[in-house]
Amino acid sequence: MAHFCFWFLCVVLILFSSCASERKTEPDVGADKFELQVGDLLFQDSDCGPFCDAIEKVTFGVEGSKFSHVGLVINDKNDELIVIEAITEGVVITSLDSFFVRSYDADNNSKVVVGRLKEKHQHLISSAI
């Protein structure tokens with residue numbers, strides 16, 4: 001599973017070069033400044049120990065952020081936004097709140113950066129999901 005997660009992260013980081021990013025520091029993801037949408041990539045600094053530290057050493061971040069985890073925003077059966085992610089237990093569905101509050105910085109802000117594919121690549125989202 002760790003091998004899959006590493007390669008998945010590599011592919012996502014390559015795609016990230018085709019993304020626009022916006023830093024989201026509050027767990028309340030419905031803030032009026034920015035609204036999440038299906039297909040957004042949630043890059044997270046997970047602070048999970050040596051494994052996450054190793055990932056952070058071989059990946060790049062944005063504006064000093066370090067990434068060790070990524071999730072993809074999708075719709076659930078009720079058309080609510082949720083996150084699909086690969087964790088130790090496998091690929092799971094996680095609520096937005098749970099994803100955003102999982103890791104904090106020294107100022108108690110969630111350490112998540114949102115990436116969105118540029119419009120010319122957004123047609124790929126439904127296939128990826």
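A nonpolar core is a set of buried Ala, Val, Leu, Ile, Met, Phe, Trp, Tyr and Cys residues that are joined through side-chain atoms within 4.5 Å, where buried stands for under 20% relative accessible area, exposed for over 50%, and partly exposed for what lies in between (1.4 Å probe, protein chains only). The model is predicted, and local features need a pLDDT of at least 70, side-chain atom pairs count only at pLDDT 80 or more, and totals for chains, interfaces and linings use all residues.

The largest nonpolar core has ten residues, namely Phe 34, Leu 36, Leu 42, Val 73, Val 83, Leu 96, Phe 99, Phe 100, Val 112 and Val 114. Both α3 and β6 supply at least two residues of this core, and α3 gives the most, with three residues; helices (H or I, at least four residues) and strands (E, at least two) are DSSP runs, numbered from the N terminus. A second, separate core has eight residues, among them Phe 43, Phe 67, Ile 74 and Ile 82.

The structure also holds one aromatic pair. The ring centres of Phe 99 and Phe 100 are 6.4 Å apart and their planes stand at 70 degrees, so the pair is edge-to-face (rings of Phe, Tyr and Trp, the last by its six-membered ring, pair if their centres lie within 6.5 Å, with planes under 30 degrees apart counted as stacked, over 60 as edge-to-face and the rest as tilted).

Two salt bridges are present, each being a side-chain nitrogen of Lys or Arg within 4 Å of a carboxyl oxygen of Asp or Glu.

| Salt bridge | Closest N to O |
|---|---|
| Arg 116 with Asp 40 | 2.7 Å |

How confident is the predictor? On the pLDDT scale, which gives its confidence in each residue from 0 to 100, the chain averages 74, and 64% of the residues score at least 70. Where pLDDT is low, the predicted coordinates should not be read in detail.

Methods: Residues numbered from 1 in each chain as written. Heavy atoms only, no water. pLDDT = per-residue confidence, 0-100.
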